[in-house]
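Subject: Structure for you

Hello,

Here is the structure I promised. Please open it next to this email; my notes follow.

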Amino acid sequence: AGDDVMALRPSALPPAPAAMERRMAVGVPGASSTPPAPGPAPAPGPARPRSLLDLPPELLVEIFSFLPGVSLPNIAAACRKFQQILNTDTIWRRRCRQEYGVTENLRRLEMVGVACRDLYIKLLHPYRNILGLWQPDIGPYGGLLNVVVDGLFIIGWMYLPPHDPRVNDAMRCKPLFRIHLWEKNKAEVECMYGHKGSHKGDIQIVKKDEFSTKCNQTDFHRMAGGRQEEFRTWLAEEWGRTLEDIFHEHMQELILMKFIYTSQYDNCLTYRRIYLPPFSPEDLIAPGLFKGTYGSHGLEIVMLSFHGTQIKVTKITGDPNVPAGQLTLHIDVTRPVQLPDIEHLRSFDKLSRIVLEIHQQVQCDQQNQEHWHENPRSDMDSLQPTCNGDHGAKADGMSTKPETGGAEGATAGGLPAPPVPGQPFVLPVGVMARNEVYPRKCRACFYGTGLIAGHGFTSPERTPGLFVLFDERCFGFIWLDLKSFSLYSRIEDSLRSAQAPFTEAFELMLKSMQSWTS
């Protein structure tokens with residue numbers, strides 16, 4: 001503002017035209033030095049503003065409406081005139097739209113006695129740090145919450161996968177809480193959990209990237225039929241089934257365990273901020289969120305991200321075996337696998353053989369790297385592979401070379417160029433699939449590992465498998481040790497305020513996620 005004031009002072013303005021003419025006339029041959037005869041005095045013009053205080057109010061309203069809302073209280077404290085002008089709702093209406101994307105007709109607020117200034121100062125600004133994407137702390141199960149400005153409310157939407165095994169269906173979402181202004185112009189928090197309507201709740205912002213919710217009337221969560229009715233209702237909502245539909249005893253135990261574990265929280269949860277992964281034009285597939293099949297555990301939400309020549313798939317929701325936050329898949333895009341013809345592909349033994357050969361080569365490379373780090377001054381003979389298996393023998397009709405052939409198929413970034421789209425694909429005989437509706441053509445296949453563990457995340461182990469990239473919306477993974485296939489489909493929902501401020505923030509978040517649930 002000080003620079004604007006200086007710019008508006010007369011001393012900073014160019015000289016008047018009459019003064020310029022007098023200066024030009026001095027010393028010019030033939031020019032008369034006699035001043036002109038006095039004439040009638042010109043009419044005085046409007047006085048030039050010497051500071052912001054001299055500007056008309058309507059112009060100040062326009063200027064202030066372009067400033068960030070956090071700066072306006074300091075401007076209001078400067079003088080009484082600014083304070084009066086900053087009570088103009090036009091300024092705050094624009095701030096609500098530009099900073100928080102409020103698209104509702106804000107003039108309706110005047111009809112209910114709420115000013116846009118109150119909406120900004122008492123609702124949007126105080127709760128700005130809870131907007132975005134969050135993962136609730138629900139033990140191994142995790143979750144996905146998006147807090148957004150929705151009309152004249154702030155609402156926390158919990159995103160749930162579709163019912164198992166319909167992985168291609170749209171996501172389901174339900175509100176867990178909402179915040180809005182009542183007649184007293186005070187922000188009120190309401191818990192939306194349960195089946196008896198909204199009721200009193202509370203939100204505590206622990207720090208910038210963490211907050212917690214609390215329900216003050218948990219009796220609203222109870223049902224007249226007791227726990228049995230609550231379980232049947234939850235089962236229909238969570239799984240789209242009845243208790244009589246579940247015949248598998250192990251699956252019954254898993255479902256009952258999840259109900260008992262998650263219902264004890266009563267919507268009193270702690271949330272930690274997460275971000276969507278950054279995107280690069282060189283990525284083989286756009287990173288983002290996917291929903292995938294995990295056997296008896298049902299559908300789970302994962303996040304696919306690129307890290308150089310590696311693809312990491314991290315669990316956003318999890319299960320008692322491999323909890324949320326863990327790295328479920330790790331793919332090496334420098335080790336492509338060219339699929340054979342359909343007849344050879346149907347043999348699980350041949351597919352297993354080629355993937356295990358790559359797995360053995362990866363282990364040898366890791367051993368050599370460790371040996372080199374331990375003995376950096378060793379001669380070249382000591383750097384030869386310590387496990388010289390016969391890696392040249394390949395299964396009939398199968399190859400680990402990229403379809404484009406050798407190094408000529410590599411991109412400038414060291415990534416192998418993807419094969420020609422439309423490569424036929426079929427699951428080998430004996431591989432179990434939760435969903436048989438999968439694409440019959442793929443773009444590329446790569447070696448990778450998947451994380452398996454016992455109940456309670458005991459004895460975790462990375463086992464080899466085959467990553468199958470079908471298209472931009474879909475990929476799959478064949479778990480060799482489990483002889484099973486997981487199908488993943490992209491989550492198309494638009495999630496707001498979810499981008500990381502910088503790449504390092506996303507990397508730090510991934511490391512933190514593993515510690516949350518370990």
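Accessible areas come from the Shrake-Rupley method with a 1.4 Å probe, and for residues only the protein chains shown count as cover. By that method the protein chain has an accessible surface of about 27,300 Å², with 54% belonging to carbon and sulfur atoms.

This is a predicted model: local features need pLDDT of at least 70, side-chain atom pairs count only at pLDDT 80 or more, and totals for chains, interfaces and linings use all residues. Residues are numbered from 1 along each chain as its sequence is written, and side-chain values use heavy atoms, with hydrogens and water left out.

The chain has 518 residues, and 43% of them are buried (under 20% relative accessible area, 1.4 Å probe, protein chains only). It holds 13 helices and 19 strands (DSSP runs numbered from the N terminus: H or I, at least four residues, for helices; E, at least two, for strands).

Now the largest pocket. Its volume is about 950 Å³. Its lining has 49 residues; Leu160, Lys174, Trp234, Glu238 and Thr262 are the closest to its centre. Helix 9 gives the largest share of the lining, 7 residues. (A pocket is an open set of points on a 1 Å grid over the protein atoms alone, where a 1.4 Å probe fits, with protein on both sides within 12 Å along at least five of seven lines; lining residues have an atom within 4 Å of a point. The volume is the space filled by probe spheres set on the points, which are joined across faces, edges and corners.)

Last, helix 6. Residues 89-100 form it. Its buried residues are Asp89, Ile91, Trp92, Arg93, Arg95, Cys96 and Tyr100. Gly101 follows helix 6, with a positive phi near 65°.

Best wishes

Definitions and conventions:
Buried < 20%, exposed > 50% of the residue type's maximum accessible area, 1.4 Å probe, protein only. Expected span 1.5 Å × (residues − 1).
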